[in-house]
Amino acid sequence: MVNDVDERIAETMRLGSVSSSRWQSYTWKNELAEQKRRIDLHLEEVFAEAETEHNPYHMLERAVGVAAICMRRLIEYRLVTDRFRESQLEVHQVQARADVEWRETFLSDWCDLRELRSAYAQNRTANT
C-alpha cells in the first residue's frame, strides 16, 4: 500500500496538478501562465520539426486543453475582470454534414503552415 501511494505521488509530481479554492485566482493564473510557456515551447518544436522524445503535437494539445480548463475556472468563479467577463469570445464551430460520414474541412485565413510559422516568428521577435 505504501508503494502504491509513493507511486501515485511520484506520478502526480511528474504530470503536475491543478488545484484551487473559490477565492484563489493566483493558482489558476499561475497555471495558465505555465501552459502558455508550454504552448510556446511546443509550437517552437513543431515549427522547427525538432527530434524530441515526445510528440510535440500531443504535448501542444495537452497544454491547450489544460489552459482551456484554467480559463473556464477563472470565468466560472468570476476571477477575471468585469470587462473580460462581459466580452464575447469568438468560437468557430464546424457543422456536421448530413450527406457524409465526416465533417467539413476546417478552413482558416491562416491555415497555411508557412504563413503560421512566419506570423509566429514575427511575434516571437517582437516580444523579445
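Author: On the surface, Met 71, Ile 75, Phe 84, Leu 89 and Val 91 form a nonpolar patch, with about 470 Å² of accessible area together. Accessible areas come from the Shrake-Rupley method with a 1.4 Å probe, and for residues only the protein chains shown count as cover. Patches are made of residues with over 30% relative accessible area and no salt bridge, like charges being joined within 9 Å and nonpolar side chains (Val, Leu, Ile, Met, Phe, Trp, Tyr) within 5 Å. This is a predicted model, in which local features need pLDDT of at least 70 and side-chain atom pairs count only at pLDDT 80 or more, while totals for chains, interfaces and linings use all residues. Residues are numbered from 1 along each chain as its sequence is written, and side-chain values use heavy atoms, with hydrogens and water left out.

Leu 89, one of the patch residues, lies in the loop between helix H4 (82–86) and helix H5 (113–126), and with a relative accessible area of 55% Leu 89 is exposed (exposed means over 50%, buried under 20%, and partly exposed in between, with a 1.4 Å probe and protein chains only). The protein chain as a whole has five helices and zero strands (DSSP runs numbered from the N terminus, helices being H or I of at least four residues and strands E of at least two), and buried residues make up 17% of its 128 residues.

The largest nonpolar core has seven residues, Ile 39, Leu 43, Val 46, Phe 47, Leu 60, Ala 63 and Ala 67 (a core is a set of buried Ala, Val, Leu, Ile, Met, Phe, Trp, Tyr and Cys residues joined through side-chain atoms within 4.5 Å). Helix H2 and helix H3 (56–76) each supply at least two residues of this core, and the largest share, four residues, comes from H2. Apart from this core lies another, of six residues, among them Trp 28, Val 66, Leu 74 and Leu 79.

Gln 35 also lies in helix H2, and at 1% relative accessibility Gln 35 counts as buried. Leaving out residues up to four places away in sequence, Gln 35 touches Ala 63, Val 66 and Ala 67, where contact means heavy atoms within 4.5 Å. With neighbours within four places set aside in the same way, Leu 60 is in contact with Ile 39, His 42 and Leu 43.

Asp 40 forms one with Lys 36, the closest N and O atoms being 2.9 Å apart; because Asp 40 and Lys 36 are four residues apart in helix H2, about one helical turn separates them. Asp 40 is buried, with a relative accessible area of 17%, whereas Lys 36 is exposed, at 51%.

Glu 34 and Arg 38, both in helix H2, are likewise four residues apart, about one turn of the helix, and their side chains meet in a salt bridge of 3.0 Å, N to O. Glu 34 is partly exposed at 23%, and Arg 38 is partly exposed at 25%.

Over in helix H3, Glu 76 forms a salt bridge with Arg 72, with the closest N and O atoms 2.7 Å apart, and since these two are four residues apart in that helix, they are separated by about one helical turn.

How values were computed. Salt bridge = Lys/Arg side-chain N within 4 Å of Asp/Glu carboxyl O.
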